[in-house]
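Subject: Handing over the structure

Dear colleague,

Please find the structure below, together with its sequence. I have written out what was found in it, and I would be glad if you read the notes with the model open beside them.

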Amino acid sequence: MTKTLQTPDFKNETEEAAWWDSHPDETLAIFEQAAKDGTLGRGTIARRAQTSRTSIRLDTADIEMAKTIAEKRGLRYQTYLKMVIHQHLLKESGSI
């Protein structure tokens, strides 16, 4: 099981990067184990703190289609759905 490292609240990604850089001995084993377990996440704590969680119900066929497309693009399906929603919102708002 992967050990959880306690991290401070970061104001931005630069502050977070500096913190990780200053704690190499504490983090290396945790990252290696997470990579081995397949639980190594993407993104940063600072960036994830800027996003809100939401729940929506989607048709099972739409989820399966999103999974298929996402896999072809090398993405997780949730990431792909987030991209699709964001692109559509930009288009509808006239931003693109």
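On the face of helix α2 that is turned away from its buried side sit the exposed residues D25, L28, A29 and K36, where exposed means over 50% relative accessible area, buried means under 20%, and partly exposed lies in between, all with a 1.4 Å probe and protein chains only. Please keep in mind that this is a predicted model, in which local features need pLDDT of at least 70 and side-chain atom pairs count only at pLDDT 80 or more, while totals for chains, interfaces and linings use all residues. Residues are numbered from 1 along each chain as its sequence is written, and side-chain values use heavy atoms, with hydrogens and water left out.

The buried residues of α2 are T27, I30 and A34. Seen down the helix axis, these buried residues fall within an arc of 70°, so they line one face of α2; the arc is taken from the directions from the helix axis to the C-beta atoms. They pack against α1, contact being defined as heavy atoms within 4.5 Å. Helices here are DSSP runs of H or I with at least four residues, numbered from the N terminus. With its 14 residues, α2 reaches 20 Å from its first C-alpha to its last, close to the 20 Å expected at 1.5 Å a residue, the expected span being 1.5 Å times one less than the number of residues. After α2 comes G38, whose phi is positive, near 80°.

In the loop between α1 (13–21) and α2 (24–37) lies H23, which counts as buried because its relative accessible area is 18%. The side chain of H23 makes a polar contact with the side chain of S22 at 3.0 Å; such a contact is a pair of N or O atoms within 3.5 Å, where within protein one must be able to donate a hydrogen and the other to accept it, and residues adjacent in sequence count only if both atoms are side-chain atoms.

The structure holds 1 salt bridge, meaning a side-chain nitrogen of Lys or Arg within 4 Å of a carboxyl oxygen of Asp or Glu. It joins K67 to E64, with the closest N and O atoms 3.9 Å apart, and both residues lie in helix α4, 3 residues apart, about one turn of the helix. K67 is partly exposed at 34% relative accessibility, and E64 is likewise partly exposed, at 42%.

Notes: Helices (H or I, at least four residues) and strands (E, at least two) are DSSP runs, numbered from the N terminus.
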